[in-house]
Amino acid sequence: MSPQRIQRKRTAGYRLPEGAIAKVVEWILESPADQTPTPDEIVRRSIELMITDVTLTEVGDTIRAEPSREKRAETEQEIRYAAQVYASQVTLDATGPSEQEIAEAIHGGIEQLGRIFGEAE
């Protein structure tokens with residue numbers, strides 16, 4: 001089976017969260033050589049990071065309004081953990097998720113975490 005080039009659609013104005021790709025690549029490179037992440041794990045990690053970054057951006061004002069530095073850090077950690085759990089439980093096609101499935105997973109996670117942690121629109 002030869003590699004295939006996939007052309008992603010580019011919607012006007014859409015941008016990945018800053019450093020999103022670098023975070024996934026760093027995670028892959030830091031994995032032990034005998035435990036290379038599977039494509040499914042890479043997709044789920046990507047979904048997790050996108051949900052985390054967007055949710056932290058959208059509820060940032062709510063988090064910053066908390067006077068306790070400890071509670072702000074705790075809330076951020078809870079968001080990271082919730083995104084990880086959400087990404088691990090999302091249903092994806094076993095033969096490889098489509099762009100639509102990934103987008104729906106990210107959107108659903110952002111909505112869920114927004115309802116839990118603040119006003120994400």
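Q: What share of the contacts with a separation of 6 or more comes from residues 24 or more positions apart?
A: Such residues account for 71% of those contacts in the protein, where a contact means heavy atoms within 4.5 Å. This is a predicted model, in which local features need pLDDT of at least 70, side-chain atom pairs count only at pLDDT 80 or more, and totals for chains, interfaces and linings use all residues. Residues are numbered from 1 along each chain as its sequence is written, and side-chain values use heavy atoms, with hydrogens and water left out.

Q: How many helices and strands does the protein have?
A: There are five helices and zero strands. Helices (H or I, at least four residues) and strands (E, at least two) are DSSP runs, numbered from the N terminus.

Q: Why does Val-90 count as buried?
A: Buried means under 20% relative accessible area, exposed over 50%, and partly exposed in between, with a 1.4 Å probe and protein chains only. Val-90 has 15% relative accessibility, so it counts as buried. Val-90 sits in the loop between helix H4 (69–89) and H5. Leaving aside residues up to four places away in sequence, Val-90 touches Arg-44, Ile-47 and Ala-105. Across the protein, buried residues make up 28% of the 121 residues.

Q: Why is H2 called oblique to H5?
A: The axes of helix H2 (residues 39–58) and helix H5 (residues 99–117) cross at roughly 40 degrees and come within 9 Å. That angle makes H2 oblique to H5. Angles under 35 degrees count as roughly parallel, over 145 as roughly antiparallel, 65 to 115 as roughly perpendicular and the rest as oblique. Axes are lines fitted to C-alpha atoms, for helices over the stretch in contact, and angles run from 0 to 180 degrees between N-to-C directions.

Q: What makes up the contact of H2 with H5, by residue class?
A: The contact divides into ten nonpolar, two polar and one charged. Ala, Val, Leu, Ile, Met, Phe, Trp, Tyr, Cys and Pro count as nonpolar, Asp, Glu, Lys and Arg as charged, and the others, Gly among them, as polar. Among the residues that make the contact are Val-43 and Glu-58 of H2 and Gly-109 of H5.

Q: At what angle do H2 and H4 pack?
A: H2 and H4 pack at about 145 degrees, with their axes 8 Å apart. Their contact includes Arg-44 and Ile-47 of H2 and Gln-89 of H4. The residues of this contact divide into seven nonpolar, five polar and four charged.
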